[in-house]
Protein chains: 2
Amino acid sequence: MTALVLIIVAGALSIVYGVFTIQSVMAADAGSQRMQEIAGAIREGAQAYLRRQYSTIAVVGILLFIILAWFLGPTVAFGFAIGAVLSASAGFIGMNVSVRANVRTAQAATQSLASGLDLAFRSGAVTGLLVAGLALLGVSVYYTVLTQVMGKAPSDRVVVDALVALGFGASLISIFARLGGGIFTKGADVGGDLVGKVEAGIPEDDPRNPATIADNVGDNVGDCAGMAADLFETYAVTVVATMVLAAIFFAGQPILTSVLLYPLAICAACIVTSIAGTFFVKLGANQSIMGALYKGFIATGVLSIVGIAIVTWLVFGGFGVELKTSSGATFTSGALFWCAVVGLVVTALIVIITEYFTGTTYRPVQSIAAASVTGHGTNVIQGLAVSLESTAMPALVIITGIIVTFKLAGLFGIAIAVTAMLALAGVVVALDAFGPVTDNAGGIAEMAGLPKEVRKSTDALDAVGNTTKAVTKGYAIGSAGLGALVLFAAYTSDLSYFTSNGAAFPYFQGVKIDFSLSNPYVVVGLLFGGLLPYVFGGLGMTAVGRAASSIVEEVRRQFREKPGIMEGKDRPDYGSAVDMLTRAAIREMVVPSLLPVLSPIVCYVVVLAIAGKNDAFAAVGAMLLGVILTGLFVAVSMTSGGGAWDNAKKFIEEGHYGGKGSDAHKAAVTGDTVGDPYKDTAGPAVNPMIKITNIVALLLLAVLAHF
Amino acid sequence: MTALVLIIVAGALSIVYGVFTIQSVMAADAGSQRMQEIAGAIREGAQAYLRRQYSTIAVVGILLFIILAWFLGPTVAFGFAIGAVLSASAGFIGMNVSVRANVRTAQAATQSLASGLDLAFRSGAVTGLLVAGLALLGVSVYYTVLTQVMGKAPSDRVVVDALVALGFGASLISIFARLGGGIFTKGADVGGDLVGKVEAGIPEDDPRNPATIADNVGDNVGDCAGMAADLFETYAVTVVATMVLAAIFFAGQPILTSVLLYPLAICAACIVTSIAGTFFVKLGANQSIMGALYKGFIATGVLSIVGIAIVTWLVFGGFGVELKTSSGATFTSGALFWCAVVGLVVTALIVIITEYFTGTTYRPVQSIAAASVTGHGTNVIQGLAVSLESTAMPALVIITGIIVTFKLAGLFGIAIAVTAMLALAGVVVALDAFGPVTDNAGGIAEMAGLPKEVRKSTDALDAVGNTTKAVTKGYAIGSAGLGALVLFAAYTSDLSYFTSNGAAFPYFQGVKIDFSLSNPYVVVGLLFGGLLPYVFGGLGMTAVGRAASSIVEEVRRQFREKPGIMEGKDRPDYGSAVDMLTRAAIREMVVPSLLPVLSPIVCYVVVLAIAGKNDAFAAVGAMLLGVILTGLFVAVSMTSGGGAWDNAKKFIEEGHYGGKGSDAHKAAVTGDTVGDPYKDTAGPAVNPMIKITNIVALLLLAVLAHF
């Protein structure tokens, strides 16, 4: 109980940090009238988006709440509500801070690069720590209520189901926020460019274009709220899955309570170290912004090793304590500590690899820039080559991580490594949420006509923001893949728990599952799962195209009905353009988001009808792994490839191969356009898609266990 | 023995058909002096390519022959040599017919569309029937020699190993021909355009450009020789794997000899029906070329059902004969017949789906054309969306095929379905080899300045050639995926055979393999296998870029050293340009082609060192399935996407969205350039890559069984 209280205190600490930081950010100078006007338009748009998005999700959410309450009881349904509400809150608060910090960052940049960086980073840190803090609070408080207040045993099925439902609630927000946000932002980007630059002949970021504000809104809803929801979900789901594994592996063992606490304790320790890490972000003498950010990141990582060592000692009472699973396997608490360290190392390696593939100083990006000289086609060919190649190293890192942690502490070791990886989510999201703030700040500086030196500062911040966004996406997909593997392990473990306790769960009586690769239904499941990320990705790409067309029509309508807009006499209706795009985005994401929710159920029912229960369970399990497998490669290739295209354009704009306006630059712009929906819509949305498939399968088992 | 003789006679029949058809093709009018000059240059180039390619492969081949002879004995090594030599011969003869038929087709088109079609199709049919005939002869003759002459039992390990080695020999040629040919043809295409059209300002297909001939050579080496080697390999490997499965499943059963004969008999029947089918290719009153080709294809399919019914009755003595496997499972000979029918239906469905995704009359291609209006970026985005989406339907067809055939006759049923699918290779390759002939004919007509009406005929033939090339690629990857699944089944069955006969195979004594998805080494294997097609695809795309640069330099050198070329006074050195490109292509393919050969060995050794034999075998098995899984999706998306891009350009050239020269057309040209290495290099080369990984694993088992 004391341990749980301490964990909850750590979670609460992040809220306290958030409140204080929000106050300090808001206290900063919000700049001139003109700047505030532009920022106001962005904020107005963001609010219009959130209103529409949350009212849509609410309908789906209430429906699912009722379904869950019906099948699994109110306690489980309530867990679902907690996950959904907290995830939505993290995104909501983070985005609201972000749309206020942007203009203040632009203003701070008029003083110095250091103060611009400071403000942007602190506002990002609010989102980051709220994501980690609220997720930890949600899981730990509800777990405390279930076990201490309601008096249920930690491994009681209601506890397990309620926690899984909490993860599902987070997933629901996540897929909406990621896919909807992604379609929104890239629809605005592509559509706004087409109608503004090409048709109306007004420059980019011109406030007369109603879609330009939508573009800035998109940065916030995609990279801030979308990423926040995504990592909130991965965080919550991973902790939950690790606890589910612990409940199954250590069922009936005296050590069970400690093992259940351990993932929560790791997360608690890392929230404290993440807060500490934010204070290391200071611009050094070399004026390297990336260096300042990495200082904070590295400090958090190193402190986290110490922190995890301490909680390992506190939770288990030492490093040599022998932990015995129900099946008789043993490993020490020290082995679990090393698994957590492996998780941190995997995080570091994925960051380094992503930076290699998307940074302007390395071969991949430069090869795309060089290929741009010979035209649009060769740029895209080389970009696709880089995108394909970029998958190998992260996959090898994940493979090595799996092998090492499995050798150390079995499947549970893998889960602990992923938990440690996710425990850094606070600081990683902080780095990412920094991106849209500086991006917006650059736009505001440009639109408000601030002096050249200011723009130089905001441009420098913006460029770093692009890199951090790419790096965070690499981390998000790597952790999502590993998190999904833990969910998959939870599925197989759950299944073997139900089948070996057939008396208590009559539906599973006599069920004997052959997960062997030589079972054709396993192959069928793998193939079926494997096709989902492809279809999902294809639908996402198409949706961006259609959303862009709809924004083109909306902007044309406004120009037609209010001719004063072009002369600067009439104010464009930003809210209507944004609302219109929001509706288009949400409509476009219905079919794709149904895919992962319905697929496990369809797969189960179809194979059940053809081949019976045994093969149906095997096919669904294989389907989960199939989704993870191709999903990982599709997502990594898309996010890395997109980032590389983006920075190849930047590399040329820095003056290489003819610089801005050259033919090479035009080709690089094409690559960048292609990369946009790759890296900001389809690729990142694969993360929640992978996990929803897995979590729906877990809930399917829970429902069947009630029959 | 009588049955074997009949099978060999059927194989020989295809040779007889080939000889007669070659004579009739060669007897046709070879056109004017000018036409023969151009065709001579193409032929000269093709010979230069083959010389270099085969001398390189010979070195590797002799090395592998020695290794196989050392580890597995001369009988096995001799099987390898047979596979390699026959596969090379099919490509060699086919390409030599093709480079002679091109000019004759152009000449025939001066008379009528019908006679042009007739000549092009007959030359394609030579390649097609040689592929099927030589593959069937190779397997059946060597099997006869082994069992009848050398007196070995049909399920003797030497027989099995020798047949697998035969498949490996074919695979070796296949990966060289596919990847090398793909890099060659697209390097020439992209490089030739850059240096000719952009730098020298001479039109496409101008005989003064040394790379233009290389481009025409490329059509032959890629789509004729490359495709021939690819399908020869899939054909041989599938038949072999089906026989290996039969030898294991029916070991010691009285029915064994019949079951072993059955796949050979299906192939024999389909060679006869394929020959019959070629006579149905006749231009109807509606002048539809595609209709004429489909008439032949459909006739072959329908006749094949009858043919397979007859051989089923001949081999087993009826449809109700009960077949009992060694493990006690039973199914009827009629069930096997239905499995074969399923294989034919799968073929038909994949052809229809591929045509839907790559035909100009359907939504996918038209959506890419429509997206071209708004620029290069939107064209590529929509093309990528189509390429991703195009994977779902083929995967669902394959899934359904697996389930239905497994329900009918277990794993062996799946193998029979794939055998039937491949048995149609003769007529399918005929449709494909038709493509480069008409493509070349169009080029020759253009270069030789034949009258407009002739060009109209050759253009119509060329357009159909593009569709048939896309359709064949869909068939090739679909059958490769299914063929690889049969190989995978052979791996698991082989493994369980060795482990359950531990006394005879001491290395496998006590080995107990857990292929379950909950074994982390299975997950590791799946991930490792999954990354291979991505890396391979990425390397292939990059290689095309580099080969294109090398051809640019070669052409520049020739222009510099022989200024007379541009004035038409000096003849460019086509052979040197081709030889240069061949060396570049072969150099570029070393690393990619090492990947599938070394990966199973590396995977085995590494996991062996870490976790021991059990998990090493499990990891390798999972790796095989991982390669198949992502390989299938990567290859389908690349070939369909590339075909769709190509035809979107054609659709615009037909006059839609502004037609030739419009901005939409320029964007569509970009998409086509991107699609070129997608559909002609990386995508198709994934087929042999998948199978080599699987066949090397089978050989690895054979080698370990000797320890």
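Rings of Phe, Tyr and Trp (its six-membered ring) form an aromatic pair if their centres lie within 6.5 Å; planes under 30 degrees apart count as stacked, over 60 as edge-to-face and the rest as tilted. By this rule there are 44 aromatic pairs over all chains. This is a predicted model: local features need pLDDT of at least 70, side-chain atom pairs count only at pLDDT 80 or more, and totals for chains, interfaces and linings use all residues. Residues are numbered from 1 along each chain as its sequence is written, chains are lettered from A in the order in which they are written, and side-chain values use heavy atoms, without hydrogens and water.

Start with one pair in chain A. The ring centres of A:Phe508 and A:Phe617 are 5.3 Å apart and the planes meet at 25 degrees, so this pair is stacked. A:Phe508 has a relative accessible area of 0% and is buried (under 20% relative accessible area with a 1.4 Å probe, protein chains only; exposed is over 50%, partly exposed in between). A:Phe617 is buried too, at 1%. Both belong to one aromatic cluster, which also includes A:Tyr497 and A:Tyr604.

Now turn to where the chains meet. In chain B, 67 residues are in contact (heavy atoms within 4.5 Å) with 67 residues of chain A. Between the two chains, the rule finds zero salt bridges (a side-chain nitrogen of Lys or Arg within 4 Å of a carboxyl oxygen of Asp or Glu).
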